[in-house]
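Hi,

Here is the model I promised to pass on. Have a look at it first, and my notes on what turned up follow below.

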Amino acid sequence: MNEIVLTADSILKKFPGVIALNGVSFDIRAGEVHALMGENGAGKSTLMKVLSGIYNPDEGAIHHRGKKVIVKTPKEARELGILLVHQELSLSPELSAAENIYLGDWPTNWFGIVNKRKMNAAAKTALDELGCNFGPEVLVRNLSIAKQQMVEIARTLVFNANVVIFDEPTGTLTTTEKDQLFEVVRSLRKKGVAIVYISHKMDEIFEIADRITVLRDGEVQCTVNTCESTIGEITNRMIGRDLDQYFHRAKSEIGNQLLSVNKLTIRGFFKDVSFSVRSGEVVGLYGLIGAGRSEVAETLFGVRRQDSGEIIFNKQKVSFSSPKQAIEKGMALVPEDRKSQGLILGMGGRHNMTLPHLSLYSNMGVPNVENELQIFEDYKTKLEIKTTGPEQMLSDLSGGNQQKLVLAKWLCANPKLIILDEPTRGVDVGSKSAIHQYIATLAEQGLAVIVISSEMPEVIGVSHRILTMAEGRLVGEYTGKEMTEENLIAAVSGLTTA
Amino acid sequence: MSNTVGMKKDSAAKIMTSIKSSSLSILRIIREQHIWVFLFICMVVFSLASPYFFTLNNIGNVLTQGSFIGFLAVGMTLVMLNGEIDLSVGATLALSSALAIGLQESIGIWPAILVALLSGAFFGFINGALVALSGIHSFIITLGSLMGIRGIVFIFTGEEALMTSDYSYTEYPEIYIGPVSLTAMIFFGFALFFQWILSKTRHGLETYAVGDNEKSAHEAGIRVRRHKVINFTLCGLLAGVAGVLLSMRLGTAEPNAARIWELWTIIAVVLGGTRLTGGYGSMWKTVGGVITLAALLNGLRLLNTPNYIELIVMGTVLVLALILDKTLTSSQSR
């Protein structure tokens with residue numbers, strides 16, 4: 001057994017309304033790849049941010065090479081040799097690769113002049129070691145995502161990292177790019193670097209990791225050696241509850257075909273996507289981030305224009321050129337990122353709910369406040385929204401209640417089809433369950449529902465039928481007993497490993 | 001035989017690609033420094049329209065007139081690259097020009113100039129410190145200091161124009177090399193110096209890093225606040241320099257001097273191609289923007305354009321230049 005490089009000891013981290021990490025203990029050895037797994041919101045990213053100095057823990061201690069350390073800033077973490085390769089790459093696009101690699105520690109003489117030649121030479125050595133085919137002087141904005149990631153990894157080489165944390169590094173990479181990344185990870189491991197590897201993709205974890213730690217709701221469920229474990233065991237640990245009891249599948253009568261999509265294509269995003277949805281039906285759309293799910297939804301809703309293919313909605317061939325038309329025909333899309341796309345946080349609940357369909361609640365262009373208030377109270381009770389009143393600013397509400405409001409906002413236009421993109425992301429367990437229950441109620445009332453989610457248990461729990469997407473293509477369709485985690489994983493990773 | 005033909009074809013192809021690549025790099029330079037192309041077009045148009053425009057004397061005039069906005073623009077570029085903005089530069093200029101003239105009888109010319117310069121740096125520092133410590137957007141902070149500093153100017157001058165009693169004071173900047181005045185030379189000196197700072201020193205490069213992606217800069221351990229304070233201080237100091245030189249040129253200091261110059265300054269910087277939100281731009285662009293603005297104003301005046309037409313033309317030009325910039329950058333990213 002190799003030496004333990006970094007230990008987290010009973011880390012507690014609270015955010016307003018949530019305990020993100022509840023007494024998490026965790027250790028990493030030199031020369032191992034330690035995978036960290038868990039559902040969205042399980043606390044993986046929070047833990048990594050604590051270790052790399054971006055967040056400070058409320059309680060608990062971090063030990064580095066046996067010594068207790070307090071890591072207050074990313075810079076202090078870097079000085080200890082702990083570096084994070086971000087999930088969403090965080091480079092400066094207008095600076096060169098070398099300048100990004102050395103960001104925060106540019107070599108200067110006593111006059112403050114940056115020694116670019118020295119910096120470029122050292123950066124080139126690091127990039128060459130990683131097998132990169134671009135020079136240190138190229139601007140980062142001209143690099144692909146995979147190459148930008150290599151720039152971030154080069155940082156770990158020049159700062160001589162002894163702990164490298166990869167936060168979902170393969171989310172947007174192609175298969176070859178992934179293989180190159182794994183080469184790099186293996187060579188780092190060989191050099192004795194301790195590696196933490198966060199990912200959702202089971203097959204990747206079992207390919208690269210030596211040990212696996214599973215987190216759920218901010219607590220460690222288990223730490224196992226990869227060779228002694230199975231995908232099934234890890235999955236159970238991640239979910240840790242009986243799905244049928246936890247989720248609410250609609251017991252609705254499936255009606256007529258409402259939406260039918262035929263060979264829908266937008267070049268560069270998705271290709272030949274065909275499926276149909278009937279009223280009263282909940283259809284799950286599962287796939288990894290970047291598979292093209294959201295883009296398909298946006299095309300249905302008129303945000304994007306398809307290159308080819310047709311959409312038949314409510315027995316009519318449609319091609320919406322704006323969301324407004326889609327709303328008028330009875331479609332609703334609850335977007336993935338509610339802060340930037342769904343809500344105006346500086347306004348109250350009443351305004352947010354009726355804003356997209358003010359014409360329904362107005363006389364001669366003036367909103368009828370009584371109508372609005374009635375609608376607000378109506379959905380407040382139906383969805384159990386916790387707010388002090390119709391005017392309370394949404395920025396003061398919790399994520400779960402905000403999400404319920406987004407839902408309410410689209411429901412008060414009485415749509416026939418509602419598309420929910422990641423309806424429970426960043427939402428606490430209680431609100432999740434309320435939202436799931438409401439999805440079932442909607443379907444039972446005869447609405448057609450499409451749920452896009454990267455949380456497997458959620459898709460399986462609420463859907464009547466599941467479509468899987470990978471790399472812009474529809475790769476599978478499952479109903480009833482076929483809707484298992486194993487099938488879904490096989491479907492979406494089948495293409496990525498082949 | 002066929003072999004030599006093949007070789008000829010080869011070398012011909014090589015030449016073609018080298019021509020292609022060099023014309024590509026010229027295109028790239030034009031894209032990145034489009035302001036100079038724009039300036040060139042303006043020069044041609046005005047030269048055709050007025051016989052007085054393209055004379056040595058007039059070019060010198062344009063440069064000197066442009067220099068005052070130029071000092072402010074150099075400072076504004078530093079602040080803007082950092083992702084901030086400084087609206088108080090016009091007021092700061094007025095204050096330092098009032099101090100330089102108002103204090104010279106009691107403490108002498110050079111000490112008065114020193115106080116004037118320091119007042120600029122001081123208010124720049126205050127701006128920077130407030131922005132860095134409060135986290136409030138610099139637009140708001142410097143809007144406040146714009147009004148506050150202008151108020152101080154009115155109190156100091158007693159709402160009247162101050163005049164120098166020592167006429168030699170107005171002769172200090174009357175040094176020329178050819179048609180280029182000392183003021184213009186100082187402006188170019190500063191532009192050159194700060195371009196060097198930006199492209200070579202740690203402070204300069206980190207200024208770009210902060211403006212480009214403040215979060216990643218902070219996480220990399222760059223002292224974001226310190227860079228901002230330094231740049232605001234430099235911006236104030238440069239406004240002070242402009243104030244002193246303007247007071248020398250005019251011999252008077254009006255309380256209303258340099259009103260809305262902050263807007264002309266922003267226009268010059270943005271016209272040059274520096275990004276309003278930070279992280280991209282250079283002093284070369286700003287110099288181009290400043291000269292273009294000055295040439296436009298000068299040309300329109302030579303043609304006896306009425307003041308309001310002048311404003312309409314300037315506004316149109318600004319919008320056109322930015323549309324050009326936008327199309328060029330988006331065609332580049334494709």
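**Sheets, cavities and a pocket**

For the terms: contact means heavy atoms within 4.5 Å; axes are lines fitted to C-alpha atoms, for helices over the stretch in contact, with angles from 0 to 180 degrees between N-to-C directions; helices (H or I, at least four residues) and strands (E, at least two) are DSSP runs numbered from the N terminus.

Some housekeeping before the rest. This is a predicted model, where local features need pLDDT of at least 70 and side-chain atom pairs count only at pLDDT 80 or more, while totals for chains, interfaces and linings use all residues. Residues are numbered from 1 along each chain as its sequence is written, chains are lettered from A and ligands numbered from 1 in the order in which they are written, and side-chain values use heavy atoms, with hydrogens and water left out.

Inside it, β3 (residues 33-37) and β9 (residues 211-216) of chain A are parallel partners over 4 bridges (two strands pair if DSSP finds at least two bridges between them). A:A35 has A:I212 in β9(A) as its bridge partner.

There is also an open, antiparallel sheet of 4 strands, ordered β2-β1-β4-β5 (chain A). Since β2 (18-29) and β5 (67-69) of chain A stand at the edges with a single partner strand each, one side of each is left without a neighbour in the sheet. Neighbouring strands are turned by 25° against each other on average, direction ignored. Strand β1 (residues 4-15) of chain A runs antiparallel to β2(A), joined to it by 9 bridges, and A:L6 stands opposite A:I28 in β2(A). Helix α1(A) turns up here too: it lies across β1, β2 and β4 (59-64) of chain A, at about 65° to β2(A).

How many cavities of 30 Å³ or more does a search of the whole structure find? The search gives 5. A cavity is a set of points on a 1 Å grid over the protein atoms alone where a 1.4 Å probe fits but cannot get out; a pocket is an open set with protein on both sides within 12 Å along at least five of seven lines; lining residues have an atom within 4 Å of a point. Grid points are joined across faces, edges and corners, and a volume is the space filled by probe spheres set on the points.

The largest cavity has a volume of about 250 Å³. Its lining has 17 residues, with A:L84, A:H86, A:R155, B:E219 and B:A220 nearest the centre. Two or more lining residues come from each of α2 (74-80), β6 (82-85) and α5 (145-158) of chain A and α10 (214-219) of chain B. β6(A) gives the most, with 3 residues.

The second largest cavity holds about 60 Å³. Among its 10 lining residues, A:H200, A:K201, A:L288, A:I489 and A:V492 are closest to the centre. The top contributor is α18(A), with 3 residues. Domain 1 (4-241) and domain 2 (244-497) of chain A both give residues to this lining, so the cavity lies between them (domain bounds come from an automatic or database domain assignment). The C-alpha centres of these two domains of chain A lie 33 Å apart.

**The second largest pocket**

This pocket has about 720 Å³ of space. It is lined by 26 residues, and A:E94, A:E99, A:K116, A:L139 and B:Y208 lie nearest its centre.

Cheers
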